[in-house]
Amino acid sequence: ITCWNLEGNSIRSEGMKLICDALRTNPSITLMRLGATKIKEEGLTSLAELLRCTSTRTSLKLNTNALLSNEAFIAALHTTSSLTSLKLVKGDISEEAMEIIAKVIRGNTTITSLALEGNQIQRGCIQQLAKALSGNSTITSLSLGHTLLGEEGLASLVAAFRVNSTLRSLNLERNILGDDGVELFAGVLRVNSVITSLNLKGNNIEDEGIKILAEVLQGNSSLTSLNLGVNNIGDEGVQFLSKVLQGNSTISTLNIGVNAFGVGGMRVLAETLCANSSITSFGCANSCGDEGLKAVADALTFSSSLTRLKVGRLWEESGKKILQQAGKRSYSVVSSNFLGRREYSRNYCLASRKSATPDGWNFEEGEFIQWTTTYQPLKIPASIVYKIQKVILQGCHLKNIPASVIALPSLLTLDLGFVAL
């Protein structure tokens, strides 16, 4: 095994000691994702020692309050060459905590991903963060979702986003930015040519904000992923966006689900998907019922690029049938319903679904399994056991790891995120 994902588990100090001992004696593990939101003082000391001596690339998720509780760990954050991703959650980021974070941003040269989502960032701290980001040349992914930035906080960060030349992915989800916030950020997109992924989900953006964003997108050739879900975009906003997307050749992933537009807006989007040759993934969760799904089904049939569709809940059998009958090309549909998250696929990868019932998993040639349900045991045909290199059990809530997985002779990556071991 070369990749070990333990994020989303309640790892405490004793568990951290066991993990550290395992990594010291197993040089084959080159990537570790670790969630330790309940770790205490002793566990932080063990983690600090690990960060100083290991060469294993490490992705770390911690409770924000842990930052101030252990000086050895703080020192390790500054000097470690193994930490590549740092996620701090569930806390209030005070000026003291932000000062530590800012020093890590300025001093650490290996962290490429920083997530502060879900924290309450105190006023005055944003300027410290902005100043640190302005001079940083390693962080490529930044998540500030659910931090209630508002317009004032965003205004402090805009100057940093204008000059930063390494940031590729930016998450500003659920920050109550509104149309005025979009106008502020539009200035960044006009001059920044490196941001490729932008998440503006849940920011109370209306048609006027989309009009501003659409005008900026006309001159932008770097953005490849745009999330506008859970806003208040109506039919007029869809018209603004569609005009730009018909001529856009860079955006490949678009999410506009859970908004205020009706069936007419969905039909406009479907026509846009047919005209656009770059969008491969489209999110339209809970939009316009069966009539909206029919429009999307037409897009799946006639679009030259669309291969992945995220539709949210499919409560009615009629909606499932509409999508299952769409076209003859390969595509996959991601849906959430009362049976849990599913991926209905016509790509026939190793664990693809051909129907909406709990049975019917279709095993074909491939190198991975993605298993997202606990309603049936994971049975792996003997004919493909030696081909499987990656297993994803994320979110399965397993009591134990299936014996069929442990016995796989060619396994390189095992994802156990959020399984509540």
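**Exercises on a predicted model**

Asp180 lies in helix H7. Helices (H or I, at least four residues) and strands (E, at least two) are DSSP runs, numbered from the N terminus. This is a predicted model: local features need pLDDT of at least 70, side-chain atom pairs count only at pLDDT 80 or more, and totals for chains, interfaces and linings use all residues. Residues are numbered from 1 along each chain as its sequence is written, and side-chain values use heavy atoms, leaving out hydrogens and water.

**Exercise 1.** Classify the exposure of Asp180.

*Solution.* Start with the cut-offs: buried means under 20% relative accessible area, exposed over 50%, partly exposed in between (1.4 Å probe, protein chains only). Next, take the value for Asp180, which is 44%. Asp180 is therefore partly exposed.

**Exercise 2.** Which strand does S4 pair with, and in which sense?

*Solution.* Two strands pair if DSSP finds at least two bridges between them. S4 pairs with strand S3 (residues 57-63) over six bridges. The sense is parallel.

**Exercise 3.** Why is strand S4 described as largely enclosed?

*Solution.* Look at residues 83-89, which make up S4. Seven of the seven are buried, so the rest of the structure largely encloses this strand.

**Exercise 4.** Locate Ala270 and decide: buried or exposed?

*Solution.* Ala270 sits in helix H10 (residues 263-275). Its relative accessibility is 7%, so Ala270 counts as buried. Now check a distance. Leu293 is 23 residues from Ala270 along the chain, and their C-alpha atoms are 9.6 Å apart.
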